[in-house]
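Please keep the sequence and the coordinates at hand while reading.

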Amino acid sequence: MNKKRVKVVINYILGPLLFLFLSYSIFNQIKHQDNLEQSWKAIVSSLTGTDAWKLYAVVLLSVLNWGLESRKWQILVKPIQEISFLKAFKAILTGLSLSLFIPNRLGEYLGRMLFMNEGNKLRSIALTVVGSISQIIVTLICGLTGFVFLRKLLMDSFIGEWAGKIFWINAIIVIVALVSFLLLLLYFKLKKVVQWFGNWKLVQRLQFFIEHVKDFNAFTLTTILRLSFLRYVVFIVQYILLFQLFGVGIPLPEMALMVSVLFLVLIIVPTLPIADVGVRGEIGIQLFGLLSANNVGILAAAAGIWLINLIVPAIAGALFILSVKLFDR
């Protein structure tokens, strides 16, 4: 079988097989999620009533969320390839679909690579990492603010129960502050960092893949950081709307700060996104349970975010795989 025929087989057979595998895996995992049935009933019951608009708003905000990420990635890969917003959007959702089953966000990079031209696929990884760093910086800084609030809450209201854990919370605050500063410094000094590493013989072999990271100026990096922050705000608003919809009675400022703690914990705790709903629910009960006794509402909100922000877009991403040519002709 010649090279051209192999490419045809891969393009038109492997893609559909991958779609079938992802679709089966997603639906199989949904069926086996703990507490999902109870949460699903709460979500379905929220489709009617005067506050039903909040659920629909969360769905629209999910589109905005991934739209912002698409625009961010479109800017990131511009040094090596001009792509349309629609193509970037498909790439983002395809990456999300694959990342449900591949740890450490490797699936995200793989899915996006599929939409790049030959010669640019591997080079897009380093540029995508820059976007990931920007999102982590935002999550760390906002999460740091939330942890300071959490410390005050525990000191004021739960000192007897949490006295032995205050030391560890203080340690987390110091570590997160230090890491945030170092990442921010690294982020805005990427050009110098790449040039410095370029002097290493081992890294010189990879120079072809990372050289375009130097093309980002301060304005572009700030734009990427701004888009990351806007995505973060969208996440916060989504959680607030669902908490209000499911009757989790927490004042707005405290709710936003505790959600920022949740996001910080989620980037620290390693997990596959497909199993994320259980982790979100458990952490949510531990955190928001300090301010509300409505555990059903907390679990329903966690399940709602998981379904709307991850599972539904991932299903769409699996569909987009059908249109991908894994190799150029």
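## Burial and the enclosed helix H5

A residue is called buried when its relative accessible area is under 20%. In this predicted model, six of the eight residues of helix H5 (residues 106-113) fall into that class, so the helix is largely enclosed by the rest of the structure. The buried residues of H5 are Gly107, Glu108, Tyr109, Gly111, Arg112 and Met113.

Serine 132, which is found in helix H6 (residues 123-157), is likewise buried, with a relative accessible area of 7%. When residues up to four places away in sequence are not counted, serine 132 touches Arg105, Glu108 and Tyr109, and of these Glu108 and Tyr109 are among the buried residues of H5.

## The chain as a whole

The secondary structure comes to 15 helices and zero strands, and of the 329 residues of the chain 50% count as buried. Among contacts between residues at least 6 apart in sequence, 75% join residues at least 24 apart. The accessible surface of the chain comes to about 16500 Å², and 69% of that area belongs to carbon and sulfur atoms.

## Salt bridges around arginine 112

Side chains of opposite charge can pair when their charged atoms come close. The count of salt bridges comes to four, and a network of such bridges links Glu69, Lys72, Glu108, Arg112 and Arg231. Arginine 112 forms a salt bridge with glutamate 69, with the closest N and O atoms 2.9 Å apart; because arginine 112 lies in helix H5 and glutamate 69 in helix H3, this pair ties together parts that are 43 residues apart in sequence. Arginine 112 also meets glutamate 108 in a salt bridge, at 3.2 Å from N to O, and here the two partners are four residues apart in helix H5, separated by about one helical turn.

Glutamate 69 forms a further salt bridge with lysine 72, the closest N and O atoms being 3.1 Å apart, and both residues lie in helix H3 (residues 52-76), three residues apart, about one turn of the helix. As for accessibility, arginine 112 counts as buried at 2% and glutamate 108 counts as buried at 11%, while glutamate 69 and lysine 72 are both buried as well. Arginine 231, another member of the network, lies over the face of tryptophan 66, at 5.0 Å from the ring centre.

## Aromatic pairs between H12 and H13

The structure holds seven aromatic pairs. Tyrosine 232 and phenylalanine 263 form one that is edge-to-face, 5.5 Å centre to centre and with 75° between the planes; it links distant parts of the chain, with tyrosine 232 in helix H12 (residues 218-245) and phenylalanine 263 in helix H13, 31 residues apart. The rings of tyrosine 239 and phenylalanine 263 have their centres 5.7 Å apart and their planes at 65°, so this pair too is edge-to-face. Since tyrosine 239 lies in helix H12 and phenylalanine 263 in helix H13, the contact ties together parts that are 24 residues apart in sequence.

Tyrosine 232 and phenylalanine 263 are both buried, and tyrosine 239 is buried too. Ring pairs link Tyr232, Phe235, Tyr239, Phe243, Phe263 and Phe288 into a cluster.

Ile136, Ile267, Ile268 and Val269 make a nonpolar surface patch of about 310 Å². Valine 269 has its place in the loop between helix H13 (252-268) and helix H14 (276-288), and at 33% relative accessibility valine 269 counts as partly exposed.

How values were computed: Residues numbered from 1 in each chain as written. Predicted model: local features only at pLDDT ≥ 70, side-chain atom pairs only at ≥ 80, totals over all residues. Heavy atoms only, no water. Patch = residues over 30% accessible without salt bridge, like charges linked within 9 Å, V, L, I, M, F, W, Y side chains within 5 Å. Areas by Shrake-Rupley, 256 points an atom, 1.4 Å probe, with all protein chains shown as cover. Salt bridge = Lys/Arg side-chain N within 4 Å of Asp/Glu carboxyl O. Helix = DSSP H or I, 4+ residues; strand = E, 2+ residues; numbered from the N terminus. Buried < 20%, exposed > 50% of the residue type's maximum accessible area, 1.4 Å probe, protein only. Contact = heavy atoms within 4.5 Å. Phe/Tyr/Trp six-rings, centres within 6.5 Å; stacked < 30°, edge-to-face > 60°. Lys NZ or Arg CZ within 6 Å of the ring centre and 35° of its normal.
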